Amino acid sequence: MDIPQELRDSVILSLPEVQEIKDQNLRCQVIEAWSYSLAHSSFKSIEEIPASGNPDTPALKSGTQTDHIRGVTQLSIAFADSLAKLFPQLSIDRDLLLACALCHDVGKPFEFDPSNQERWSQQPGTSGFPAIRHTQFGTHVCLTIGLPEEVAHAAGCHSGVGELVQRSLHVTIVHHADYAFWEVLQAGSALE
């Protein structure tokens, strides 16, 4: 599939934290993963994706899906930096953590796509509902693009599915940042 440069440009604008990844190849792969995922949906930017954790959960009262991804990324880095000061023996790779956090929801364009939601809801006995969660599609995207296995692990295991496996250090950080993001905003009445 030929991915339009406009999608790549929109990802760079939506996720400025991608520029913090020092490894140029990894940075380009994160951009390509989001571009690929958007190209396989009806969304033209990350901001167009409904701003909720799942299609059937409360959305942000204000803000976009981009705010969620950026928030999880910033929380992950702050969490890691704080712990690394106290426990310098932790082997946290900042580039890898950034890639994991930025790509944890890279499968959302597919799961949240209105045409997929409609199709699955009409024949749940045939397709399942949803047929493919964002964790599964995100894992597919990461592996297809050639991202490191740990980034695919983040896409696939950051949510409840990850309770069935042992999460890596970086994915444990992203998991807790992701859950903290939604739980804190819910406690602060910032969700619909």
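Biologist: Is C100 buried or exposed here?

Modeller: In this predicted model, C100 counts as buried, because its relative accessibility is 0%.

Biologist: And how many disulfides turn up in the whole structure?

Modeller: A search of the whole structure finds zero disulfides. C100 is in none, and the nearest cysteine sulfur to its own, that of C103, is 8.0 Å away. C103 is likewise in no disulfide, with the sulfur of C142 as its nearest at 4.8 Å.

Biologist: Where does C103 sit, and what is it in contact with?

Modeller: C103 is found in helix 4, and it counts as buried because its relative accessibility is 0%. Leaving aside neighbours within four places in sequence, C103 is in contact with V30, A33, W34, C142, L147, V151 and A155. The C-alpha atoms of C103 and G138 are separated by 7.7 Å, although these two residues are 35 residues apart along the chain.

Biologist: Switching to aromatics, how many pairs are there?

Modeller: The count comes to three aromatic pairs. In one of them, the rings of F110 and F137 have centres 4.3 Å apart and planes at 15°, so this pair is stacked.

Biologist: Which parts of the chain does that pair tie together?

Modeller: F110 lies in helix 5, residues 108–112, and F137 lies in helix 8, residues 134–145, so the pair ties together parts that are 27 residues apart in sequence. F110 counts as buried at 15% relative accessibility, and F137 is buried too, with a relative accessible area of 8%. F110 and F137 also form one aromatic cluster together with W120.

Biologist: What about F181 and W182, how are their rings arranged?

Modeller: The ring centres of F181 and W182 are 5.0 Å apart and the planes stand at 85°, so that pair is edge-to-face. Both F181 and W182 are buried.

Biologist: Which residues are closest to the centre of the largest pocket?

Modeller: The largest pocket holds about 330 Å³ of space. Of the 17 residues that line this pocket, the closest to its centre are G53, N54, T57, Y179 and W182.

Biologist: Which helix gives the largest share of that lining, and how do the residues divide by type?

Modeller: The largest share, five residues, comes from helix 10, which covers residues 169–187. By type, the lining of the largest pocket divides into four nonpolar, eight polar and five charged residues.

Biologist: Where is S52, and what is it in contact with?

Modeller: S52 lies in the loop between helix 2 (24–39) and helix 3 (65–86). S52 is buried, because its relative accessible area is 2% and buried means under 20%.

Biologist: And S91, buried or exposed?

Modeller: S91 is exposed, with a relative accessible area of 60%, and its place is in the loop between helix 3 and helix 4 (94–103). Apart from residues up to four places away in sequence, S91 touches L169 and H170. S91 and E149 are 58 residues apart in sequence, with 17 Å between their C-alpha atoms.

Biologist: Where is P16 found, and how far is it from V174?

Modeller: P16 is found in the loop between helix 1 (5–14) and helix 2, and P16 is partly exposed, with a relative accessible area of 36%. The C-alpha atoms of P16 and V174 are separated by 18 Å, and the two residues are 158 residues apart along the chain.

Biologist: Last topic, the backbone: which peptide bond is cis?

Modeller: The peptide bond from F129 to P130 is cis, with omega near -10°. P130 is found in the loop between helix 7 (124–127) and helix 8. As for phi, S189 has a positive value of about 60° although it is not a glycine, and S189 is found in the segment after helix 10.

Biologist: Why point those two out?

Modeller: Because most residues other than glycine have a negative phi, and most peptide bonds are trans.

Terms used:
Residues numbered from 1 in each chain as written. Predicted model: local features only at pLDDT ≥ 70, side-chain atom pairs only at ≥ 80, totals over all residues. Heavy atoms only, no water. Disulfide = S-S within 2.5 Å. Buried < 20%, exposed > 50% of the residue type's maximum accessible area, 1.4 Å probe, protein only. Helix = DSSP H or I, 4+ residues; strand = E, 2+ residues; numbered from the N terminus. Phe/Tyr/Trp six-rings, centres within 6.5 Å; stacked < 30°, edge-to-face > 60°. 1 Å grid on protein atoms, 1.4 Å probe; cavity = no way out; pocket = protein on both sides within 12 Å on 5 of 7 lines; lining within 4 Å. Points joined across faces, edges and corners; volume = space filled by probe spheres on them. Nonpolar A, V, L, I, M, F, W, Y, C, P; charged D, E, K, R; others polar. Contact = heavy atoms within 4.5 Å.
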